[in-house]
Amino acid sequence: MPEAVNTVWPRTVVQTCIVHLIRNSLRYASRRDWAELARDLKPVYTAVNEDEARLRLVEFDEKWGKRYPSIAGIWQRAWSEFVPFPGLPDAIRQAVYTTNAIEALNGRYRRAVQACGHFPTEQAALKRLYLATLALDLTGRGRQRWNNRWKTALNEFDVLFDGRLPAGRV
């Protein structure tokens with residue numbers, strides 16, 4: 001996927017979902033060890049830079065590698081998509097550490113489209129998706145919370161990516 005994204009948008013930074021990395025890691029472990037494993041993985045993804053993150057992953061592997069050798073391998077294979085994360089400011093980290101909100105929205109869209117089956121025009125399909133989006137937050141309070149949480153991140157994105165966010169589109 002990163003190659004496809006970078007083909008269309010050459011200056012894109014592809015970031016893997018940290019929550020999915022953790023879930024994939026826990027999939028290889030006994031349920032009774034999940035809490036301790038998650039606690040020991042936290043220093044990896046909260047590290048301030050790539051070198052510290054790599055050091056924390058080595059420490060994790062020293063502790064858990066004999067029992068669960070696949071877990072460190074999962075992180076090493078995903079390292080190129082994980083690496084941008086430690087270099088990001090905290091405001092952006094809070095905004096992009098998980099893709100759950102996007103996946104939930106995509107699930108809503110799939111259900112809305114499947115409920116209808118087919119559409120006579122592209123505009124009808126777009127209207128259905130628009131209405132599904134509006135149905136997510138009928139009162140508008142969720143949007144206000146989302147806006148407040150993203151204001152700092154948007155400022156950080158604009159500084160980090162040197163104005164690549166056009167003011168009219170934000």
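**Figure 1. A salt bridge between Arg56 and Glu52.** The side chains of Arg56 and Glu52 form a salt bridge, with 3.8 Å from N to O. A salt bridge is counted when a side-chain nitrogen of Lys or Arg lies within 4 Å of a carboxyl oxygen of Asp or Glu. The two residues are four places apart in helix H4, so about one helical turn separates them. Helices (H or I, at least four residues) are DSSP runs, numbered from the N terminus. Arg56 is partly exposed, at 23% relative accessible area, and Glu52 is partly exposed at 26%. Buried means under 20% relative accessible area, exposed means over 50%, and partly exposed lies in between (1.4 Å probe, protein chains only). This is a predicted model: local features need pLDDT of at least 70, side-chain atom pairs count only at pLDDT 80 or more, and totals for chains, interfaces and linings use all residues. Residues are numbered from 1 along each chain as its sequence is written, and side-chain values use heavy atoms, leaving out hydrogens and water.

**Figure 2. A salt bridge between Arg54 and Glu50.** Here the closest N and O atoms are 3.3 Å apart. Arg54 and Glu50 are also four residues apart in helix H4, so they too are separated by about one helical turn. Arg54 has a relative accessible area of 39% and is partly exposed; Glu50, at 31%, is partly exposed.

**Figure 3. A salt bridge between Asp40 and Lys63.** The closest N and O atoms of this pair are 2.8 Å apart. The pair links distant parts of the chain, with Asp40 in helix H3 and Lys63 in helix H4, 23 residues apart. Lys63 is partly exposed, at 48% relative accessible area. Glu36 joins Asp40 and Lys63 in a network of salt bridges. The whole structure has six salt bridges.

**Figure 4. Leu37 in the largest nonpolar core.** This core has 29 residues, and Leu37, Trp75 and Phe82 have the most contacts inside it. A nonpolar core is a set of buried Ala, Val, Leu, Ile, Met, Phe, Trp, Tyr and Cys residues joined through side-chain atoms within 4.5 Å. Beyond its neighbours within four places in sequence, Leu37 is in contact (heavy atoms within 4.5 Å) with Leu26, Ala29, Phe60, Trp64, Tyr68 and Ile71.

**Figure 5. Tyr130 in a nonpolar surface patch.** Tyr130, Leu131 and Leu134 make a patch of about 320 Å². Such a patch joins nonpolar side chains (Val, Leu, Ile, Met, Phe, Trp, Tyr) within 5 Å, from residues with over 30% relative accessible area and no salt bridge. Tyr130 lies in helix H9 (residues 122-134) and is exposed, at 52% relative accessible area.

Notes:
Patch = residues over 30% accessible without salt bridge, like charges linked within 9 Å, V, L, I, M, F, W, Y side chains within 5 Å. Areas by Shrake-Rupley, 256 points an atom, 1.4 Å probe, with all protein chains shown as cover.
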